[in-house]
Amino acid sequence: MELNPKTYEPNIELTEFVKRYWTLDGEKENIPLKNTIVPDGTIKLIFHYGDTYKHHSQNGEITVLPKCFLIGQLTKPYVIEPVGVTGSFVVQFKPNGFLPFTPIPIKEMENTAVPLDILFGEEGIKLGEQILNANSTSERIQIIETFLFKELADKRTIDNIVKSTVETIFNGNGQFSVNDFSKSNNINRRQLARKFSSAIGLSPKQLAKTIRIQTTLKILLNEEISSLTDLAYENEYFDQAHFIKEFKEFTGLTPKEFFGNDLKMSLIFDKK
């Protein structure tokens with residue numbers, strides 16, 4: 001797959017919100033016809049300075065994606081297909097990182113491509129044009145960071161409890177109990193779930209499931225695994241059937257089918 005992915009670190013003052021920037025460049029003939037984007041708990045701003053993509057929904061509808069848009073939290077596989085030569089600049093936010101910038105409830109953007117004008121009005125249109133017309137990645141990063149800093153000037157502080165929930169979920173590779181966490185932090189379970197999902201667009205349980213499947217995928221990509229049963233137990237799935245069911249929910253395929261195909265696009269950055 002002749003795609004040329006490159007990743008870039010954000011300005012130190014934005015690391016609380018932005019995980020990284022990446023660019024993807026490639027020729028059409030070298031790109032698989034369809035790519036599956038597997039949920040990873042992050043929201044992304046996408047700018048196609050090359051050709052755009054089509055989205056294939058699960059009920060068979062095909063829509064052409066805008067040149068510039070935000071993709072909300074994914075709870076299921078998102079299938080895209082390039083229309084021509086790929087040239088993309090992506091801003092990948094941390095799970096709670098887009099909250100200070102959004103005028104729309106995060107939950108409403110789930111599994112959805114939201115055009116920049118709907119998000120930021122005139123400013124959004126201007127931002128898209130500037131990024132598409134820029135001559136280099138460093139120029140694009142400078143444009144987006146200027147924009148984000150301006151938006152942050154009036155940022156609302158993210159609830160610390162949400163931040164520490166996210167950290168706990170990541171540190172445990174998705175092994176997480178809402179009950180234990182709310183008890184040890186002396187917070188009402190319902191209140192935690194409500195704050196969390198308004199900040200992140202997923203419930204703590206959904207984010208934990210997502211991170212757990214990502215951890216499992218990385219193990220599968222980087223290690224020789226002798227049996228799926230071992231893998232299921234190692235990642236504390238209830239049993240193999242539970243593991244296969246969850247795996248299919250996130251990738252659209254069984255583990256056997258998934259690894260029989262080419263590597264999925266959304267994992268090319270994580271095979272480190």
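User: In β8, which residue is the bridge partner of H56?

Analyst: Strands of a sheet pair through backbone hydrogen bonds, either parallel or antiparallel. In this structure, H56 has V79 in β8 as its bridge partner. Two strands count as paired if DSSP finds at least two bridges between them, and the elements themselves are DSSP runs numbered from the N terminus, helices being H or I of at least four residues and strands E of at least two. Strand β8 (residues 78-82) and β5 are joined by four bridges and run antiparallel. The model is a predicted one, in which local features need pLDDT of at least 70 and side-chain atom pairs count only at pLDDT 80 or more, while totals for chains, interfaces and linings use all residues. Residues are numbered from 1 along each chain as its sequence is written, and side-chain values use heavy atoms, with hydrogens and water left out.

User: How many bridges join β5 to β6?

Analyst: Strand β5 (residues 53-56) is joined to β6 by three bridges, and the two run antiparallel. K54 stands opposite V64 in β6, and H55 has T63 as its bridge partner there. Five residues lie between the strands of this hairpin, where G60 takes a positive phi near 90°.

User: What is the order of the strands in the open sheet?

Analyst: The order is β3-β8-β5-β6, an open sheet of four strands with antiparallel pairing. Strands β3 (35-37) and β6 (62-64) are at the edges with a single partner strand each, so one side of each is left without a neighbour in the sheet. On average, neighbouring strands of this sheet are turned by 35° against each other, direction ignored; such angles are taken between axes, lines fitted to C-alpha atoms (for helices over the stretch in contact), and run from 0 to 180 degrees between N-to-C directions.

User: Is strand β9 largely enclosed or left open by the rest of the structure?

Analyst: A residue is buried under 20% relative accessible area, exposed over 50% and partly exposed in between (1.4 Å probe, protein chains only). Eight of the eight residues of β9 (residues 86-93) are buried, so this strand is largely enclosed by the rest of the structure. Both faces are covered, with T86, S88, V90 and Q92 buried on one side and G87, F89, V91 and F93 buried on the other. Strand β2 (residues 18-26) runs antiparallel to β9 and is joined to it by eight bridges, with R20 opposite Q92. Strand β4 (residues 44-48) pairs with β9 in the antiparallel sense over five bridges, and F47 has F89 as its bridge partner.

User: What are the distance and the angle between the rings of F47 and F89?

Analyst: A pair of aromatic rings is described by the distance of the centres and the angle of the planes. Rings of Phe, Tyr and Trp (its six-membered ring) pair if their centres lie within 6.5 Å; planes under 30 degrees apart are stacked, over 60 edge-to-face, and the rest tilted. By this rule there are nine aromatic pairs. F47 and F89 form a tilted pair, 6.0 Å centre to centre with 35° between the planes. F47 lies in β4 and F89 in β9, so the pair ties together parts that are 42 residues apart in sequence. F47 is buried, at 0% relative accessible area, and F89 is buried at 0% relative accessibility.

User: Why is the pair of F243 and F247 edge-to-face?

Analyst: The ring centres of F243 and F247 are 5.9 Å apart and their planes stand at 70°, so the pair is edge-to-face. F243 and F247 are four residues apart in helix α8 (residues 240-251), a separation of about one helical turn.
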